[in-house]
Every structure is written in structure tokens, then in C-alpha cells.
Amino acid sequence: MVETLVHLLGGQQSLIYINLAKWRYYNASCYNNPSQRAVNMGFSQAIVLVSVCIIVLPACYAFSGLDVTLACNTMTPGHLAFGGAQRSTAPYQITTKNNNDGTLDVIVNGDEFKGFLLQARNAGGKRVGVFTPTAKDSRAIDCDYQGGAIQHNNGDDKRQVIVKWNPGNFQGRVQFRLTVVKGYTTFWTDIKSNVFTI
């Protein structure tokens, strides 16, 4: 059996299996017939084209700014990720700056990157506070509630993103958690800021 593995959108390890066993049997039985060979070649090209579309399109959509709320809990990208997250130290940092109105500017910077997902978690791992964008490169999304996380708004290359985080009524220890996508199959998860108290 011939299987084509495809990692779908949504951050889950979903697979599509394209079974070509019957086609291979049919192809072998008709190999000596020139007209059948031509038909089979066309079928082969169609299978390749469909496979490429299935594999490539999710990767493109992952950077288009479409909502990544399916990754709210795992914080794992839903595009091509056969090898999983990078194990090396992430070339990205999370820093913060206090504002006079009680909000924080949260700054993500480092090597060039295309996408990101940022959340604030309390000591129990629950999302807290509300994010708002400060520029067109990011947008808040609904992770449990609107503004529970913030993500990229396009697939343009970036070196720095600044967003605003409002703790609201939250008091306690908080830590920012980040996933950064550098390329279609290169990403880092579980990037963490220092823990601080609100």
C-alpha cells in the first residue's frame, strides 16, 4: 500500500491516506496497452498535482493571517510540521515594558520570522488578560475569550512585533508563552518570558 502523509490545519496530527494499491494493480494489468498507458500517465500526474495541493495549501494558509484558534491549547502550528518543533534554543525573546495606564507592551524580537502565537498564562496555566494589536502585523483572537491570545496578521517577514496586554482584574504571577514560525517547516514552541507578578 502506498500512503501519502499530510499534516492538516489545526495543530492536530491528522493524517490523510491516499491508497493507490488498486490503481497500481490496474496499471500493471494494462501496462502492455499503449492507450491505457497514456491514460495511466495522466492519472499519475493528477495524483501528484492533488497531493501537492493538499500538502502546500495548508502551509500557505498558515501564514495568511487566518485564525489559528485551533492551536489555542497546543500552541502548535497547523501547517507542515512532520519533524515537529525545533529542539535548538529559539532565536527569539519576549520582553515587556510597563505603560502608565497599567497595561504592558509585550515585545517579540529576534531573527526574521513569519508567524507567531502569543498568550499570557497564570500559575495554573490558565489564559489571563486581554491582548490588543498596536500595528497591522498582528491581531487578537478568541482563545476562550476575545483577546485571549494574539497572532500574526499576515505572512510578511518580521523581526519585531509589539502588542499590548491588559491584565484587567487579574492579580498574581503571570508568564507569556510564545510560538514562532520562521518558515513552513521551521518553528519553535514553548518560548517563555520571565515570570512576574501583577
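Biologist: Let's start with the surface: how many Å² does the accessible surface of the protein chain come to?
Modeller: In this predicted model, the accessible surface is about 11200 Å². Carbon and sulfur atoms account for 53% of that area.

Biologist: And what share of the residues counts as buried?
Modeller: 37% of the 198 residues in the protein chain count as buried.

Biologist: What about the pLDDT, what's the average for the protein chain?
Modeller: The average is 76, and 64% of the residues score at least 70. Over residues 1–31 the pLDDT is below 50, though the model still has 57 contacts for this stretch beyond near neighbours in sequence. Residues 48–63 also have a pLDDT below 50, with 28 contacts beyond near neighbours in sequence.

Biologist: Of the contacts between residues at least 6 apart in sequence, how many join residues at least 24 apart?
Modeller: 60% of them do.

Biologist: On to the cysteines. Which ones does the disulfide join?
Modeller: Cysteine 72 is joined to cysteine 143, with an S to S distance of 1.8 Å. The structure holds 1 disulfide.

Biologist: Where do the two cysteines lie?
Modeller: Cysteine 72 is in the loop between helix H2 (34–62) and strand S1 (92–98), while cysteine 143 belongs to strand S5 (residues 138–143), so the pair ties together parts that are 71 residues apart in sequence.

Biologist: Is that disulfide left-handed or right-handed, and why?
Modeller: Left-handed, because the torsion about the S-S bond is about -75°.

Biologist: Are the cysteines buried or exposed?
Modeller: Cysteine 72 is buried, at a relative accessible area of 7%. Cysteine 143 is buried too, with a value of 0%.

Biologist: Now the largest nonpolar core. Which residues touch the most other members?
Modeller: Those are Leu118, Phe131, Trp165, Phe176, Leu178 and Ile191, out of 23 residues in that core. The elements giving two or more residues to this core are S1, strand S2 (104–113), strand S3 (115–122), strand S7 (158–166), strand S8 (173–183) and strand S9 (186–192).

Biologist: Pick leucine 178. What is it in contact with, leaving aside neighbours within four places in sequence?
Modeller: Leucine 178 contacts Met75, Ile94, Val108, Phe116, Leu117, Leu118, Trp188, Thr189, Asp190 and Ile191.

Biologist: What does the second core include?
Modeller: The second core is separate and has 7 residues, among them Ala71, Met75, Ile141 and Ala149.

Biologist: Switching topic: where is asparagine 99?
Modeller: Asparagine 99 sits in the loop between S1 and S2. With 17% relative accessibility, asparagine 99 counts as buried, because the cut-off for buried is under 20%.

Biologist: Which side chain does the asparagine 99 side chain make a polar contact with?
Modeller: That of aspartate 105, at 3.1 Å. Setting aside residues up to four places away in sequence, asparagine 99 touches Leu104, Asp105 and Lys164.

Biologist: What about valine 195, where does that one lie?
Modeller: Valine 195 is in the loop between S9 and strand S10 (196–197). Valine 195 is partly exposed, with a relative accessible area of 43%.

Biologist: Which residues does valine 195 touch, not counting those up to four places away in sequence?
Modeller: Arg173, Val174 and Gln175. As for phenylalanine 176, its C-alpha is 7.9 Å from that of valine 195, and the two are 19 residues apart in sequence.

Biologist: Last topic, backbone angles. What is the phi of aspartate 144?
Modeller: Aspartate 144 has a positive phi of about 75°, although it is not a glycine. Aspartate 144 is in the loop between S5 and strand S6 (145–152).

Biologist: And what is the phi of aspartate 190?
Modeller: Aspartate 190 has a positive phi of about 60°, and it is not a glycine either. The place of aspartate 190 is in strand S9.

Methods
Residues are numbered from 1 along each chain as its sequence is written. This is a predicted model: local features need pLDDT of at least 70, side-chain atom pairs count only at pLDDT 80 or more; totals for chains, interfaces and linings use all residues. Side-chain values use heavy atoms; hydrogens and water are left out. Buried means under 20% relative accessible area, exposed over 50%, partly exposed in between (1.4 Å probe, protein chains only). Contact means heavy atoms within 4.5 Å. Accessible areas come from the Shrake-Rupley method with a 1.4 Å probe; for residues, only the protein chains shown count as cover. A disulfide is a pair of cysteine sulfur atoms within 2.5 Å. Helices (H or I, at least four residues) and strands (E, at least two) are DSSP runs, numbered from the N terminus. A nonpolar core is a set of buried Ala, Val, Leu, Ile, Met, Phe, Trp, Tyr and Cys residues joined through side-chain atoms within 4.5 Å. A polar contact is a pair of N or O atoms within 3.5 Å; within protein, one must be able to donate a hydrogen and the other to accept it, and residues adjacent in sequence count only if both atoms are side-chain atoms. pLDDT is the predictor's confidence in each residue, from 0 to 100.
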